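Thanks, everyone. Please have the structure open.

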Amino acid sequence: MSENERIVEMCELLRKELFENGYSYGFFLDEKKDVPNISLGFDEEFYRLLTTEYRIQSPEISKREKVATCLDAVLIMKEILLNRDIESKIWMIFQEERKKVHSVLSFELLGQVVYLELTPQSGKKNYGKEILFGSEEEFVEYWEEQNYLVREITHLCEPGAEPTFFLEMLK
């Protein structure tokens with residue numbers, strides 16, 4: 001198996017879980033799914049719950065309920081990769097002008113840093129496409145060139161935790 005085939009194989013495993021299983025963007029709270037009306041952006045009630053009640057979900061809950069935020073989706077990806085002994089990192093990217101905060105995952109395989117956007121929001125610019133970088137620095141530069149603040153948050157993404165690092169950016 002060539003190096004690129006191994007990278008494609010790992011990306012296909014991630015796509016298989018997050019593309020083929022019908023995930024919705026949202027979260028599971030108080031025994032019900034909370035999913036926004038995306039046609040109008042985040043509706044007020046969803047946004048209120050997201051910024052007050054939401055806690056990072058375990059991959060088990062996200063997979064069982066087929067609902068995930070960007071943080072929840074990257075935890076699913078991280079778990080899949082870790083089960084194959086591939087380390088990954090979770091990043092917060094923030095665009096101040098638009099008050100837009102998002103989390104993405106990168107992993108290193110065969111000397112390449114791989115970024116694959118699989119958050120259950122198909123309107124994302126790079127949705128479903130893997131992008132390869134020669135280094136983590138190149139990955140960070142990619143986002144900074146698009147006017148995003150980039151911060152590694154892997155250690156902060158624990159199931160059950162309040163995503164205060166996101167909430168601070170939205171204020």
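Start at Phe-166: beyond its neighbours within four places in sequence, Phe-166 is in contact (heavy atoms within 4.5 Å) with Cys-70, Leu-71, Met-92, Val-101, His-102, Ser-103 and Ile-153. A caution here: this is a predicted model, where local features need pLDDT of at least 70, side-chain atom pairs count only at pLDDT 80 or more, and totals for chains, interfaces and linings use all residues. Residues are numbered from 1 along each chain as its sequence is written, and side-chain values use heavy atoms, with hydrogens and water left out.

Now the cores. By nonpolar core I mean a set of buried Ala, Val, Leu, Ile, Met, Phe, Trp, Tyr and Cys residues joined through side-chain atoms within 4.5 Å, buried being under 20% relative accessible area with a 1.4 Å probe, protein chains only. The largest has 40 residues, and Phe-166 is among those with the most contacts inside it, as are Leu-14 and Phe-107. Helix H4 (70-82) gives the most to this core, nine residues. Helices are DSSP runs of H or I, at least four residues, and strands are runs of E, at least two, numbered from the N terminus.

Next, the sheet. Five strands form an open sheet in the order S8-S7-S6-S5-S9, with antiparallel pairing; strands pair if DSSP finds at least two bridges between them. S8 (130-133) and S9 (149-152) are the edge strands. H4 packs on the sheet, touching S5, S6 and S7, and its direction makes about 10° with that of S6. Axes are lines fitted to C-alpha atoms, for helices over the stretch in contact, and angles run from 0 to 180 degrees between N-to-C directions.

Methods
Buried < 20%, exposed > 50% of the residue type's maximum accessible area, 1.4 Å probe, protein only.
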